[in-house]
Amino acid sequence: MSNIDTTLKYLRESLANYDGNKLSQQISEKLGSNEFSGEGDFVKSLTDEEMAYLIDVLEQEISYARSVQNDQRVTELNEVFELLH
């Protein structure tokens with residue numbers, strides 16, 4: 001599995017924690033229906049509203065991953081988080 005696939009897999013898993021939210025579902029559908037060549041292409045496909053929402057979700061998810069010392073998850077999610085800024 002490539003690094004890109006791994007990063008987007010972690011993102012998809014994180015969004016599953018918010019599946020009751022319309023924007024989360026929208027972003028998950030986007031992830032599932034497109035083959036992105038990288039995180040950058042994925043981020044470029046997001047609307048401003050989706051980006052703002054994802055920043056909030058990733059802040060929470062990265063914080064949680066740090067608290068449970070899941071360094072791999074922190075690294076993977078941080079790759080997308082940095083592209084959003």
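# Close-up views of helices and charged pairs

**View 1. Glu50 forms a salt bridge with Lys30.** The closest N and O atoms of Glu50 and Lys30 are 2.8 Å apart. The pair links distant parts of the chain, with Glu50 in helix H4 and Lys30 in helix H2, 20 residues apart. A salt bridge here is a side-chain nitrogen of Lys or Arg within 4 Å of a carboxyl oxygen of Asp or Glu. Helices are DSSP runs of H or I, at least four residues long, numbered from the N terminus. Glu50 is buried, with a relative accessible area of 2%. Lys30 also counts as buried, at 17% relative accessibility. Buried means under 20% relative accessible area, exposed means over 50%, and partly exposed lies in between (1.4 Å probe, protein chains only).

This is a predicted model: local features need pLDDT of at least 70, side-chain atom pairs count only at pLDDT 80 or more, and totals for chains, interfaces and linings use all residues. Residues are numbered from 1 along each chain as its sequence is written, and side-chain values use heavy atoms, with hydrogens and water left out.

**View 2. Lys9, Glu13 and Arg73 are linked in a network of salt bridges.** Start with Glu13 and Lys9. Their side chains meet in a salt bridge of 3.8 Å, N to O. Both residues lie in helix H1 (residues 3-16), four residues apart, about one turn of the helix. Why does that spacing matter? An α-helix has 3.6 residues a turn, so residues three or four places apart point the same way. Glu13 is partly exposed, with a relative accessible area of 35%. Lys9 counts as partly exposed too, at 33%. The side chains of Arg73 and Glu13 meet in a salt bridge of 3.3 Å, N to O. Arg73 lies in helix H5 (residues 71-83) and Glu13 in helix H1, so this pair ties together parts that are 60 residues apart in sequence. Arg73 is buried, with a relative accessible area of 12%. How many salt bridges are there by this rule? The count comes to three.

**View 3. Glu61 is buried yet has no salt bridge.** Glu61 lies in helix H4 (residues 48-67). Which side chain of opposite charge is nearest to Glu61? Arg73 is, 4.1 Å away. For charge, Lys and Arg count as positive and Asp and Glu as negative; His and the chain ends are not counted. Glu61 has polar partners. Its side chain makes a polar contact with the side chain of Ser14 (3.4 Å). The side chain of Glu61 also makes a polar contact with the side chain of Asn17 (3.4 Å). A polar contact is a pair of N or O atoms within 3.5 Å; within protein, one must be able to donate a hydrogen and the other to accept it, and residues adjacent in sequence count only if both atoms are side-chain atoms. Leaving aside neighbours within four places in sequence, Glu61 is in contact (heavy atoms within 4.5 Å) with Ser14, Asn17, Tyr18, Arg73 and Leu77.

**View 4. Glu76 is another buried residue without a salt bridge.** Glu76 is found in helix H5. For Glu76, the nearest side chain of opposite charge is Lys9, 8.8 Å away. The side chain of Glu76 makes a polar contact with the side chain of Thr7 (2.4 Å).

**View 5. Val57 sits buried in helix H4.** Its relative accessible area is 2%. Which residues does Val57 touch, not counting those up to four places away in sequence? They are Leu15 and Tyr18. Val57 and Leu15 are 42 residues apart in sequence, and 7.7 Å apart in space, C-alpha to C-alpha. H4 itself has 20 residues. From first C-alpha to last, H4 reaches 29 Å, close to the 28 Å expected at 1.5 Å a residue. The expected span of a helix is 1.5 Å times one less than its number of residues. Buried residues of H4 include Met51, Tyr53, Leu54, Val57 and Glu61. After H4 comes Gln69, whose phi is positive, near 55 degrees.

View 6. The buried residues of H2 are Leu23, Ser24, Ile27, Lys30 and Leu31. At the start of H2, a side-chain oxygen of Asn21 reaches to within 2.7 Å of the backbone nitrogen of Leu23. The 12 residues of H2 (residues 22-33) should span 16 Å at 1.5 Å a residue, and the end C-alpha atoms are 16 Å apart, which agrees.

Key: Helices (H or I, at least four residues) and strands (E, at least two) are DSSP runs, numbered from the N terminus.
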